[in-house]
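Reader: Please take me through one part of this model closely. I would like the strand pairing there, and then what surrounds it.

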Amino acid sequence: MKVQGLFIDGKRIILGGAIWACLLGPMLVFGQSGLIQGRVIDAETAEPLYRASVVIESEFSGVSTDIDGHFRFTDLPAGNYYLQVRYLGYQSQIRLAVIEQDEAVTVDFGLIPLAASLTEVVISAPETNLLDEPIPSTKISSGQIERLAATNTAEILEEVGGVSVGRAGNWGSKPYFQGMTDSRVLLFIDGIKTTQSCPMGMDACTATIEPDMINSMDVQVGPGNAQFGSGNMGGIVSINTIGAQYQYLEEFRVEMEAVARVRSVSDSRSGLLAFKGGNKALDFALSAGGGRHGNYKVPDPNRYTLFPNTEIPNSGFDSRWLHLHTRYRPGAGQEIALIGQIYRGENIGWPARMPETYSIIPEEKRDLLAIKYRWEFDGRNFKKLEAVLGYQPMFHNMLNYVPGNTRFFGISRTGNYQSSVKAFFALGERSLLTAGIDGFVWKMNAERQTITEQGTTPFVNILNRGILQEGGIFLLHRYLFGDRLTIDAGLRLNAVSSDARPDATGFLAGDLRDNQKIWTGNLTALYQLNRHMAVSVGVVKGFNAATPVDRFLSAPQLDGFYHFGNPEIRPEVNVSKTISWRGMKDKWSWNLTYFHNRLRDLIERRIDTTQTAPITGLRGVKRAVNIPNAVVKGASAYLAYYITPALQSSLTISYLNGRDGQGGNLPNIAPLEFSPKITFEPPEKNLWVSLRADIATGQDRFAPNYGEISTPAYTVFDLSGGGKVTEQVELSLGISNLSNRNYRRHLNLAQLPEPGLSIFATVKVNLPVIGAPNGAPGLKGARLVTIRIEGMACQFCAKTVRERSEALPQVIQAIIHLEDGKAAIIVSRKASLEAVLEAIRRAGFGAQILSVEDYTP
């Protein structure tokens, strides 16, 4: 039998001496017992992989490949055998070998390098398999984001178990990760760390990045590994603003995208216009958008109404933004990216618990300029180098209305500078090392004046030339023990310095300098029980430096209290222990996690009964304090079941418990929450319908010492659906809070009700500008590619293969046949078959082309 070769871009990749054994069935030889043999190579270079691990799962036995990449199992009885191949720095593969009596079967493997996920040992990349990472993350795709039709980015994060949201109007909603928010949640936009623009803590870290600016999100609940510095406490949000779909194209392609969105409950109107395109040398995304969002409405709590009829004053905002992300690949594994953003928010309302106490942000500005460099090497040990340089200036002003016909007008100017360098090394066949150094500088200045009937006072510095500097050096090490156990270990040294100049008026007095050195790190392990499920355990130590908000805050807040910072506040530390069980089998997919956070010097704002509010009519005073020993523990669960190929059900459950170490409850602890969801989406139809419920039990474990009150239980329903009207036009419609229920979330600090029934609609149009269109209505020259998919064992797998394939611009339609493990993919005439195979393989599956033929509709 001849060895077959696959030619891609003129480069021959030898897939092995007996690839027909994988595609057409096992070869018959004479002998006394069954035999499985084969070869393991690098799918891109065709080089043999020495000492790759090959395991027969049912037998719990394995061998290593020889110097030429060959392996061999003998004396096997007739039966079905799943072979798993793992090699450090490559994506694992699983194949089924069927042995009849006295047969020999040859199964060859071409492993794909994991330069974008495994070798980085970072937060899981979009293509990372659920069972491959000791610290997993949740990916939210562009399609999911569009279906949610969220007003702000924090609302998107509610899709993730362990994340809750506290609303502050339409703009200032804050995400809470395991009871932590603000500076304890790290936000990265294309790898650039983003902070709050208000030194007084009014805005959320997610406030100045709008849903329409996002291509996808990776969300990790709980602290990450040792590469992350200050803020690595509650969770990590990594936002990507550009996809990778153009980097495989030979020809240059440009597409235009226009989106318009409306929402009835706040008379919201928003949209964007974007141009995206590129080829394998250069790609870009240029977009502009904005919106006008009025005050949202709530239902009357005393009588039932079909639509909400009571307006929450001062809860709307306007925004506009411009975004550019371009990447240039000069060759030899190099990539240079340039990122620029301009965000402008205006007339931003901040409603408060007390009607006479509220705030308006007349203007909010955030700019971003960053450059990133990446160089992937073919060296034996040195694999990759990454460097980032970024700058973000921000401006924020606010007008605080308080009782007594008094107003405070404040202005703040902040900016952060950041840089980092990371290098990636392969130390032998089973060891990976990442080394890095980074620095971050946050400068800020804030001043305020008082406006009364008698006149306006001069500006007074409430934060005079404040600065927070942090730097770190870290090492991350991944080691594969045997065939099932992966160990990640990391260590980081953090150096933090903060300072502010005393003010001549005496508003800021005393020595405000602070210098700290803190060691953090992680030790996590992933054990693969079998090809369907894995167990992971881990201990992570993270920390958060005392921010200017914690140290120098002096302002009334939306909870009706006057808040003071504390210049003597200490950094807070989280030692988090986690165990999880996750997997996919048949029609099931699941992820069950338990965590225990031991918090030292936790920073919270507690009621200070010894002080009187400087403004009459407020509820009192809160002051920043360190809680020496606090504990936040809980569990989350995600279960999904495919009832039919078109009908999927899922359930997300989150539970938190927080204690302050002195017998009291911690604030910001969400109640027990359930989110059942059922989605109808025929695999071969361009339509979907989804019904979701948000259920929360009453929260009686509230923290009165921190100004909290109990929260009643509630259940609300959301109904949405949509599909393609034409090849270029998509439409989605929905109703949130279907029963128009009056309810309040526990984390709403203003203790105001949530929006009532809202009808929303989104129209999206994609049009080709240069090059072949994506999903062109004319199928002239289209080809039908039949691909065998290895490792596709459930409906979830089939859905993943379809979504990853159809995300490529050159793919017109992907039809997945789970029963026989094949995919029929219709591609445009100039489509890169390498890109299609790569997309499927990066989703965690093996892929071989069976046939290519002209497509006839």
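Author: Two strands pair if DSSP finds at least two bridges between them. The model is predicted. Start with strand β24, residues 334-350, and strand β25, residues 358-376. They run antiparallel, and 16 bridges join them. Within this pairing, Leu338 stands opposite Ile371 of β25.

Now the other partner of β25. Strand β26 covers residues 382-402. β25 and β26 also run antiparallel, joined by 15 bridges. Here Tyr373 has Ala387 in β26 as its bridge partner. The two strands form a hairpin, with 5 residues between them.

In a regular strand, side chains alternate between the two faces of the sheet.

Next, a loop residue. Thr208 sits between β15 (192-194) and β16 (216-221), in the loop. Its side chain makes a polar contact of 2.7 Å with the side chain of Arg366. Setting aside neighbours within four places in sequence, Thr208 is in contact with Trp171, Met213, Tyr343, Glu364 and Arg366. Thr208 counts as buried because its relative accessibility is 4%, and buried means under 20%.

Two further loop residues deserve a look. Asp182 lies in the loop between β13 (174-177) and β14 (185-189). Its phi is near 55°, a positive value in a residue other than glycine. Asp182 has 18% relative accessibility, so it counts as buried. Gln751 belongs to the loop between β43 (729-736) and β44 (758-770). Phi of Gln751 is near 55°, again positive in a residue other than glycine. At 15% relative accessibility, Gln751 is therefore counted as buried.

Technical notes. Residues are numbered from 1 along each chain as its sequence is written. This is a predicted model: local features need pLDDT of at least 70, side-chain atom pairs count only at pLDDT 80 or more; totals for chains, interfaces and linings use all residues. Side-chain values use heavy atoms; hydrogens and water are left out. Helices (H or I, at least four residues) and strands (E, at least two) are DSSP runs, numbered from the N terminus. Buried means under 20% relative accessible area, exposed over 50%, partly exposed in between (1.4 Å probe, protein chains only). A polar contact is a pair of N or O atoms within 3.5 Å; within protein, one must be able to donate a hydrogen and the other to accept it, and residues adjacent in sequence count only if both atoms are side-chain atoms. Contact means heavy atoms within 4.5 Å.
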